[in-house]
Amino acid sequence: MEPSAHKKDRVLVFLEGGELLKITQSELLRYGLRPGMELSDSVAAEIKKSAAKSEMKALGAQLTGNRMLSKKQVVEHLTRRGGDRSAAEETAQWLEELGAVDEEAYGQAIVRHYSAAGYGSGRIRQELHRRGVPRELWEGLLSRMPPAEETVERFIRGRCRNKTVDNDLLRKLSAALQRRGFSWQEIAPALRRLEEETQK
């Protein structure tokens with residue numbers, strides 16, 4: 001047994017068959033491990049399971065310490081790195097209980113970012129879905145967006161400077177706004193106003 005040179009609170013335990021276990025100091029104390037100790041197969045299996053769980057928690061804490069993530073993203077990251085899915089889900093739940101994963105705050109950050117960039121609720125819903133923010137939070141999050149008509153109007157005014165307003169431009173503006181996640185009901189009034197202004 002020796003302390004890990006790379007991770008504080010980690011102990012490296014070398015088993016007789018050449019297998020290496022990376023355990024925490026608390027696991028070392030809990031199982032009363034010492035050099036030369038005989039381990040039954042069941043105790044060895046229990047220690048391995050506990051060590052894998054501790055390793056996953058450490059990895060999860062590292063992930064969420066660097067950036068905001070949803071529970072779904074935490075599970076995906078951990079399983080991609082070879083973790084067991086149920087242990088990854090348990091780790092994500094543990095991180096949420098600690099406050100390291102806050103899906104509502106994460107959702108708010110997504111809505112703020114995409115709203116400020118001029119996207120509509122359709123596109124923001126796609127982002128919330130892609131990032132694993134629970135669907136039951138969506139309506140509350142989207143209700144904090146600025147009114148769609150303001151964003152649509154700003155987008156149209158920005159694109160129309162020094163341009164001739166004709167059917168071709170109106171069609172292009174409509175298509176661009178739909179790609180940004182706005183519905184036809186949100187786009188049409190602004191396009192009508194623009195058309196009426198140019199006909200005066």
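Reader: Which pattern does the protein follow, read along the sequence?

Author: This is a predicted model. Along the sequence, the pattern is β-β-β-α-α-α-α-α-α-α-α-α-α. In total there are 3 strands and 10 helices.

Reader: Is the protein more spread out or more like a compact globule?

Author: Compare its radius of gyration with the globule rule. The radius of gyration is 27 Å, while the rule gives 16 Å for 200 residues. The value is well over the rule, so the protein is more spread out than a compact globule. Now take the box filled by the C-alpha atoms. Along the principal axes, that box is roughly 95 × 30 × 25 Å.

Reader: How many of the 200 residues are buried, as a percentage?

Author: Buried residues make up 36% of the 200. The accessible surface of the protein comes to about 12,600 Å². Carbon and sulfur atoms hold 48% of that surface.

Reader: What about charge? How many positive and negative side chains are there?

Author: The protein has 35 positive side chains and 30 negative ones. The centres of the two sets lie 6 Å apart.

Reader: Now the sheet. How do strands of a sheet pair?

Author: Strands pair through backbone hydrogen bonds, either parallel or antiparallel. Here, an open sheet of 3 strands has the order 1-2-3, and the pairing is antiparallel.

Reader: Which strands stand at the edges?

Author: Strand 1 (2–3) and strand 3 (20–24) do. Each has a single partner strand, so one side of each is left without a neighbour in the sheet. Turn to strand 2.

Reader: How many bridges join strand 1 to strand 2?

Author: There are 2 bridges between strand 1 and strand 2 (residues 10–14), and the two run antiparallel. Find Pro3: it stands opposite Val11 in strand 2. These strands form a hairpin with 6 residues between them. Asp9, in the turn, has a positive phi of about 70°.

Reader: And over how many bridges do strand 2 and strand 3 pair?

Author: They pair over 5 bridges, in the antiparallel sense. Val11 has Ile23 as its bridge partner in strand 3. For Leu12, the partner in strand 3 is Lys22. The hairpin of strand 2 and strand 3 has 5 residues between the strands, and Gly18 there takes a positive phi near 100°.

Reader: Let's move to the helices. Where does Leu169 lie, and is it buried or exposed?

Author: Leu169 lies in helix 9. Its relative accessibility is 11%. Buried means under 20%, so Leu169 counts as buried.

Reader: What is Leu169 in contact with, leaving aside its neighbours within four places in sequence?

Author: Leu169 is in contact with Cys160, Lys163 and Thr164. Now compare sequence and space for another pair. Leu169 and Arg159 are 10 residues apart in sequence, and their C-alpha atoms are 9.3 Å apart.

Reader: Where does Val165 lie?

Author: Val165 lies in the loop between helix 8 (148–160) and helix 9 (167–179). Leaving aside neighbours within four places in sequence, Val165 is in contact with Leu170, Leu194 and Thr198. Take Leu194. Val165 and Leu194 are 29 residues apart in sequence, yet 8.1 Å apart in space, C-alpha to C-alpha.

Reader: What share of the protein's contacts with a separation of 6 or more comes from residues 24 or more positions apart?

Author: Such residues account for 50% of those contacts.

Conventions
Residues numbered from 1 in each chain as written. Predicted model: local features only at pLDDT ≥ 70, side-chain atom pairs only at ≥ 80, totals over all residues. Heavy atoms only, no water. Helix = DSSP H or I, 4+ residues; strand = E, 2+ residues; numbered from the N terminus. Rg over C-alpha atoms; globule rule 2.2 N^0.38 Å. Buried < 20%, exposed > 50% of the residue type's maximum accessible area, 1.4 Å probe, protein only. Contact = heavy atoms within 4.5 Å. Areas by Shrake-Rupley, 256 points an atom, 1.4 Å probe, with all protein chains shown as cover. Lys, Arg positive; Asp, Glu negative; His and termini not counted. Charge placed at Lys NZ, Arg CZ, Asp CG, Glu CD. Pairing = 2+ DSSP bridges.
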